[in-house]
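Me: I have a model open and want to learn how to read it. Can we go feature by feature?

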Amino acid sequence: MNKPKYSNTITKLATVPQAEERYKLGRTKLMEIAEDNGAVRRIGRAVRIDIPAMDKAISNY
């Protein structure tokens with residue numbers, strides 16, 4: 001298994017791999033929950049997950 005190449009201290013926006021690791025979800029389920037709750041932020045081609053919005057979505061899930 002490869003060691004992650006990013007920091008574990010995420011405050012506002014996370015990459016999809018960081019969010020997968022944080023919530024222990026696969027990409028498909030993570031993106032489904034994030035899109036349903038407005039936690040996906042697109043900056044150009046980059047996709048980021050809004051951590052506060054995702055935390056709220058997970059607590060209500």
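Reply: Start with Asp50. Its relative accessibility is 5%, so Asp50 counts as buried (buried is under 20% relative accessible area, exposed over 50%, partly exposed in between, with a 1.4 Å probe and protein chains only). Keep in mind that this is a predicted model: local features need pLDDT of at least 70, side-chain atom pairs count only at pLDDT 80 or more, and totals for chains, interfaces and linings use all residues. Residues are numbered from 1 along each chain as its sequence is written, and side-chain values use heavy atoms, with hydrogens and water left out.

Me: Where is Asp50 found, and what does Asp50 touch?

Reply: Asp50 belongs to strand E3, residues 46-50. Helices (H or I, at least four residues) and strands (E, at least two) are DSSP runs, numbered from the N terminus. Setting aside residues up to four places away in sequence, Asp50 touches Lys12, Leu13, Ala39 and Arg41; contact means heavy atoms within 4.5 Å. With Lys12 there is also a side-chain to side-chain polar contact, at 3.4 Å. A polar contact is a pair of N or O atoms within 3.5 Å; within protein, one must be able to donate a hydrogen and the other to accept it, and residues adjacent in sequence count only if both atoms are side-chain atoms.

Me: What is the order of elements in the protein?

Reply: From the N terminus, β-α-α-β-β-α. That is 3 helices and 3 strands. Of the 61 residues, 28% are buried.

Me: At what angle do the axes of H1 and H2 cross?

Reply: The axes of H1 (residues 16-23) and H2 (residues 27-36) come within 10 Å and cross at roughly 95 degrees. H1 and H2 are therefore roughly perpendicular (65 to 115 degrees; under 35 is roughly parallel, over 145 roughly antiparallel, the rest oblique). H1 contributes Val16, Ala19, Glu20 and Tyr23 to the contact, and H2 contributes Arg27, Leu30 and Met31.

Me: Why do buried residues line one face of H3?

Reply: First the general idea. An α-helix has 3.6 residues a turn, so residues three or four places apart point the same way. Now the case: the buried residues of H3 are Ile51, Met54 and Ala57. Seen down the axis, they fall within an arc of 120 degrees, so they line one face of H3. The arc is that of the directions from the helix axis to the C-beta atoms. Their cover includes E1, H1, H2 and E3. Exposed Lys56, Ser59 and Asn60 sit on the face turned away from the buried side of H3.

Conventions
Axes are lines fitted to C-alpha atoms, for helices over the stretch in contact, and angles run from 0 to 180 degrees between N-to-C directions.
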